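Please look over the sequence and the 3D structure below. The report then takes up the fold, the cores, the surface and the charged pairs.

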Amino acid sequence: MKVKYKNWSINKKLLSISLSAFLPMVILAAYLIVSLNNAASAYSEITKSIAYANRYVKDFKSRLDYSVYLAVVSNKQLKEVGDGVTTVNGVVTVNPYDYITEMEEACDKMTQNATVPLTQSQAGRIKNSLSSLRFCVQDLDKQIKERTSYDERMEYFNSNVKDLTTLVETGIQDYVYLETSNFVTVQTELNRNNRNSTILAVGVAIVAMSISLLLSGRAARSVTRPIRDLCDLTEKVAGGDFSVKTQVEAGDEIAVLTRSFNDMTEEIGILVDDIRKKQENLRIIENRLLQEQINPHFLYNTLDAIVWLAEENKSAEVVKMVTSLSDFFRTTLSRGHDYITVKEERTHIESYLEIQQFRYQDILDYEIQMDEEIYGYIIPKLTLQPLVENALYHGIKNKRGKGKILITGKKQGDKIIFQVIDNGKGMTEEELNSLRKKMAGTDTGDEAKGFGVSNVNQRIKYYYGGEYGVFFESKENEGTNATIIIAAKNIQLLS
């Protein structure tokens with residue numbers, strides 16, 4: 001498992017951290033929701049059962065007793081005394097037979113609504129009492145029809161019908177009481193679930209936090225340790241030792257960066273040896289330019305920034321910086337080729353600016369506008385990047401506030417024109433004239449200043465002719481416009 005974890009990508013490691021915290025919380029939330037729904041459902045069922053039964057607690061006995069009483073005193077048949085709508089002395093009179101039938105149906109409904117077996121049994125007992133009540137009502141109705149004496153009818157009414165309606169009323173009240181008592185059982189169950197949920201929540205939180213911390217520590221170590229090793233080796237490379245190698249036993253983006261670093265140091269070593277051996281001026285200029293662009297201090301500063309981001313757990317920025325740095329060196333090395341496509345050159349400066357924008361995000365904005373029709377043209381490697389770097393360090397950095405670099409590329413007739421425009425500090429007329437002299441090779445005052453862009457100009461003139469090259473326009477405190485003009489044909493046709 002340890003080896004497999006090392007081979008995970010950074011994104012996968014970060015995802016495992018998120019899932020270790022997220023999934024337990026989702027399971028806990030689902031458990032709590034189910035518990036609350038069960039409690040709410042139980043309360044709802046009990047309330048529904050009680051509300052239904054309460055409809056008959058007060059009305060059944062009063063309505064049926066009064067309706068039967070009216071039949072006895074008026075000497076009418078029971079079906080004639082009420083219709084369930086007419087009110088006499090504040091009591092709704094009913095047809096006793098229909099009302100008993102209605103109550104029997106209500107007992108069936110109460111049986112369905114019952115939340116415990118005991119109340120189901122109680123509803124059955126009420127229904128049995130209703131059967132006896134129906135028999136007594138029929139017997140009393142028969143007495144009325146046979147014209148028995150008033151005293152006999154009243155005696156039968158008081159000793160049979162009223163007793164049975166009282167029994168039914170008491171049965172309904174007992175049903176309501178039993179259902180109400182079930183609230184206590186539900187409340188006890190809810191309290192128990194609450195205690196269990198609290199214990200479970202604390203346990204899940206502790207476990208999730210522990211797993212997340214463990215995975216975070218492992219992920220951080222798997223990123224910071226190799227990068228620190230790379231930083232140490234980069235210092236050796238900066239000191240001129242290009243034989244250093246590093247290995248990372250992993251399969252993530254850091255391993256890709258490590259392989260790129262090893263390839264880079266090996267390539268730099270080869271380039272340095274080549275510089276020592278070759279005397280031809282153009283090759284010396286090209287190799288010196290490559291050596292300057294693959295600046296170990298640029299790599300060191302970038303890796304140092306990545307370490308800082310990793311320690312701050314800014315994983316998305318780490319991935320972005322590592323990817324940009326990998327793309328930058330992949331284009332810089334280009335498998336040893338001296339020529340790349342315009343599209344690859346665009347990717348190269350885009351990776352460079354992404355890295356620099358992180359370091360100078362308070363002062364730097366950039367935009368790249370290139371026509372896709374020129375993407376396929378082959379040009380010398382590192383044609384635009386030195387000019388972009390020059391715009392950043394000599395224009396934007398020396399300006400107060402935020403600046404912007406605009407890189408454009410388009411085809412005009414038989415020419416391809418690139419522009420690197422900044423709204424930085426700009427140059428005085430004296431500084432601009434001095435730069436133009438260095439570009440022409442007639443001023444050797446400060447050899448380091450303007451070296452990169454001068455090399456670009458010399459290489460373009462070598463490959464394309466004297467009418468092509470780099471041309472500068474600048475105004476102090478307004479900005480600088482560097483224009484590169486080359487022939488619209490592939491460089492290998494000229495070499």
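## Overall fold

Of the contacts in the protein with a separation of 6 or more, 74% are between residues 24 or more positions apart. Contact here means heavy atoms within 4.5 Å. This is a predicted model, in which local features need pLDDT of at least 70 and side-chain atom pairs count only at pLDDT 80 or more, while totals for chains, interfaces and linings use all residues. Residues are numbered from 1 along each chain as its sequence is written, and side-chain values use heavy atoms, with hydrogens and water left out.

The protein has 14 helices and nine strands. Both are DSSP runs, numbered from the N terminus: helices are H or I with at least four residues, strands are E with at least two. The protein has 495 residues, and 45% of them count as buried. Buried means under 20% relative accessible area, exposed means over 50%, and partly exposed lies in between (1.4 Å probe, protein chains only). The accessible surface of the protein comes to about 25700 Å². Carbon and sulfur atoms hold 52% of that surface. Areas come from the Shrake-Rupley method with a 1.4 Å probe; for residues, only the protein chains shown count as cover.

## Nonpolar cores

The largest nonpolar core has 61 residues. A nonpolar core is a set of buried Ala, Val, Leu, Ile, Met, Phe, Trp, Tyr and Cys residues joined through side-chain atoms within 4.5 Å. Met370, Ile407, Phe418, Val420 and Phe472 have the most contacts inside this largest core. Helix H9 (residues 296-311) gives the most to this core, with seven residues. A second, separate core has 40 residues, including Tyr52, Tyr56, Leu78 and Leu130.

What does Phe472 touch, leaving aside its neighbours within four places in sequence? Its contacts include Leu387, Leu432, Leu435, Met439 and Val453. Asn390, Arg436, Thr480, Asn481 and Ala482 are also in contact with Phe472.

## Surface patch and a loop residue

Tyr69, Val73 and Tyr150 form a nonpolar patch on the surface. Together they have about 250 Å² of accessible area. Patches are made of residues with over 30% relative accessible area and no salt bridge; like charges are joined within 9 Å, and nonpolar side chains (Val, Leu, Ile, Met, Phe, Trp, Tyr) within 5 Å. Val73 lies in helix H3 (residues 59-74). Its relative accessible area is 36%, so Val73 is partly exposed.

Thr148 is in the loop between helix H5 (117-145) and helix H6 (150-238). It counts as buried, at 18% relative accessibility. Beyond its neighbours within four places in sequence, Thr148 is in contact with Gln143 and Arg153.

## Positive phi angles

Asn75 is not a glycine, yet it has a positive phi of about 60°. It is found in the loop between H3 and strand E1 (87-88). Asn75 is partly exposed, with a relative accessible area of 27%.

Leu382 also has a positive phi, near 60°, and is a residue other than glycine. It sits in the loop between strand E5 (378-380) and helix H12 (385-396). Is Leu382 buried or exposed? At 1% relative accessibility, Leu382 counts as buried.

## Salt bridges

Side chains of opposite charge can pair when their charged atoms come close. A search of the whole structure finds seven salt bridges. Each is a side-chain nitrogen of Lys or Arg within 4 Å of a carboxyl oxygen of Asp or Glu. One of them joins Asp59 and Arg63 (3.9 Å, N to O). These two are four residues apart in helix H3, so about one helical turn separates them. Asp59 is partly exposed at 30%, and Arg63 is partly exposed at 24% relative accessibility.

Asp108 and Lys127 meet in a salt bridge at 2.8 Å, N to O. This pair links distant parts of the chain, 19 residues apart: Asp108 is in helix H4 (residues 96-113), Lys127 in helix H5. Lys402 and Asp365 meet at 3.7 Å, N to O. Lys402 lies in the loop between H12 and strand E6 (403-412) and Asp365 in strand E4 (residues 364-370), so the pair ties together parts that are 37 residues apart in sequence. Lys402 is partly exposed at 43% relative accessibility.

## Cysteines

How many disulfides are there? The count comes to zero, where a disulfide is a pair of cysteine sulfur atoms within 2.5 Å. Cys107 is buried, with a relative accessible area of 0%. Cys136 is buried too, at 8%.
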